[in-house]
Amino acid sequence: MVTFVVTQLAMGITVLIARYIGEKRVKEIGPVIGGSTLIFTIISTILLIITVFFSSPISKLI
């Protein structure tokens with residue numbers, strides 16, 4: 001589920017970048033890349049915290 005969500009976010013960002021390139025709005029690509037980097041950093045940090053603190057219960061469930 002997590003992999004699906006992250007993949008779909010990446011695809012959406014790629015579509016947005018391609019749209020801006022097609023519309024010759026190259027100056028707006030930088031903020032999109034910066035924002036996506038920030039979003040993926042936040043998601044990665046949250047997933048890291050969840051897996052570190054809940055690794056024992058998750059392994060017991062598996």
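pLDDT is the predictor's confidence in each residue, on a scale from 0 to 100.

**View 1. Confidence across the predicted model.** The structure shown is a predicted model. Over the protein, the mean pLDDT is 92, and 100% of the residues reach 70 or more. Confidence is highest in helix α2, with a mean of 93, and lowest in helix α3, residues 55-61, with a mean of 88.

**View 2. The pairing of helices α1 and α2.** Helix α1 covers residues 2-22 and helix α2 covers residues 29-53. Their axes come within 10 Å and cross at roughly 175°. Angles over 145 degrees count as roughly antiparallel, and α1 and α2 are therefore roughly antiparallel to each other. On the α1 side, the contact is formed by V2, V6, L9, A10, I13, L16, I17, Y20 and I21. On the α2 side, the residues concerned are I29, V32, I33, S36, F40, I43 and L47. By class, the residues of this contact comprise 15 nonpolar, one polar and no charged.

**View 3. Helix α2, its length and its buried residues.** Helix α2 contains 25 residues, which at 1.5 Å a residue should span 36 Å. The C-alpha atoms at its ends are 36 Å apart, in agreement with that expectation. The buried residues of α2 are I29, V32 and S36. Helix α1 is included in what covers these buried residues.

**View 4. I43 in helix α2.** Residue I43 is found in helix α2 and is one of the residues through which α2 contacts α1. Leaving aside residues up to four places away in sequence, I43 touches V6 and L9. The C-alpha atoms of I43 and V5 are separated by 10 Å, although these two residues lie 38 residues apart along the chain. With a relative accessible area of 24%, I43 is partly exposed, because that category begins where the buried range, under 20%, ends.

**View 5. K24 in the loop between α1 and α2.** The loop that lies between α1 and α2 contains K24. The phi angle of K24 is near 60°, a positive value in a residue other than glycine. The relative accessible area of K24 is 69%. Since exposed means over 50%, K24 is classed as exposed.

**View 6. F54 in the loop between α2 and α3.** Residue F54 is found in the loop between α2 and α3. At 48% relative accessibility, F54 counts as partly exposed. The C-alpha atoms of F54 and K27 are separated by 42 Å. Along the chain, F54 and K27 are 27 residues apart.

Technical notes. Residues numbered from 1 in each chain as written. Predicted model: local features only at pLDDT ≥ 70, side-chain atom pairs only at ≥ 80, totals over all residues. Heavy atoms only, no water. Axes fitted to C-alpha atoms, helices over the stretch in contact; angles between N-to-C directions. Helix = DSSP H or I, 4+ residues; strand = E, 2+ residues; numbered from the N terminus. Parallel < 35°, antiparallel > 145°, perpendicular 65-115°, else oblique. Contact = heavy atoms within 4.5 Å. Nonpolar A, V, L, I, M, F, W, Y, C, P; charged D, E, K, R; others polar. Buried < 20%, exposed > 50% of the residue type's maximum accessible area, 1.4 Å probe, protein only. Expected span 1.5 Å × (residues − 1).
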